Amino acid sequence: MDFENIKKKLEQYKSEGKRMFASSSFQTHSIVLLHIISRIDKEIPIYFINTGFLFPETIAYKDQLAKEFGLNIIDTKSDVPKSLQKDAKGNFLFTSDPDHCCHINKVQPLDGVLADNDVWINGVRADQSAVRKAMEVEQEAPHDVIRFHPMLDWSKKDIYQYLKEWDLPRHPLEAQGYDSIGCEPCTRKMMIGDDRGSRWFGMKKTECGLNTDLVVKKK
């Protein structure tokens, strides 16, 4: 969707009295949607899931964009203390059960946000993974929420053209060879042949659960 169609859709939701929010991981690729939202309605809450394992550069980048774009950012995090996020051997769950770690630190916190809203503005793109390619622009989420995917048909080229056009700042780790940036323990620099392999390297895992658990599966 282009800017005007995204604007019309958000204005439609607002006129219908729907409570909207967006979520963001604050990577370079995700700031295009944040910038578009800032041009349309700066009051829309942007939820930032702070897992407690993020790169300090991501936190700094989030603070920078909040100031530059005038965003209404709300930090959210898990209610489960880190002392209880360990396996039987005393190791953090990201070493032995990363799916459970993501569920505790990402899925559960955002599920609570869904319960208080009607529309989740989500920046997934079809070219990012097979899971996302199968998604639709509007899709059901738990708690009778609509997942709205305005960037679904955008390509990586479209993203970088927008970044260049508006001269938007990049995530500071991108210049160091990081492309898909998540939690520090589960992210590595891109290597030749990597796609999202820079996240959860060596595992079959490709999603954190937000786009698999927080979606109503079609019957």
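User: How much space lies in the second largest pocket?

Analyst: About 170 Å³ of space lies in the second largest pocket, where a volume is the space filled by probe spheres set on grid points that are joined across faces, edges and corners. The model is predicted, so local features need pLDDT of at least 70 and side-chain atom pairs count only at pLDDT 80 or more, while totals for chains, interfaces and linings use all residues. Residues are numbered from 1 along each chain as its sequence is written, and side-chain values use heavy atoms, with hydrogens and water left out.

User: What makes a residue part of the lining of the second largest pocket, and which residues are they?

Analyst: On a 1 Å grid over the protein atoms alone, a pocket is an open set of points where a 1.4 Å probe fits, with protein on both sides within 12 Å along at least five of seven lines, and a lining residue has an atom within 4 Å of a point. Val131, Met135, Glu136, Gln139, Glu140, Asn211, Thr212, Val215, Val216, Lys217 and Lys218 line the second largest pocket. They divide into 4 nonpolar, 3 polar and 4 charged residues, since Ala, Val, Leu, Ile, Met, Phe, Trp, Tyr, Cys and Pro count as nonpolar, Asp, Glu, Lys and Arg as charged, and the others, Gly among them, as polar.

User: What is the volume of the largest pocket, and which residues are closest to its centre?

Analyst: The largest pocket has a volume of about 760 Å³, and of the 35 residues that line it, Ser25, Gln27, Ser30, Gln128 and Arg132 are the closest to the centre. Helix 2 (31–40), strand 2 (45–49) and helix 7 (156–166) are the elements that give two or more residues to this lining, with helices (H or I, at least four residues) and strands (E, at least two) taken as DSSP runs numbered from the N terminus. The lining of the largest pocket holds 13 nonpolar, 13 polar and 9 charged residues.

User: Why is cysteine 208 called buried?

Analyst: Buried means under 20% relative accessible area, exposed over 50%, and partly exposed in between (1.4 Å probe, protein chains only). Cysteine 208 has a relative accessible area of 10%, and therefore counts as buried. Cysteine 208 lies in the segment after helix 7, and an unreviewed UniProt entry annotates Cys208 as "active site", although such annotations may be inferred rather than shown by experiment.
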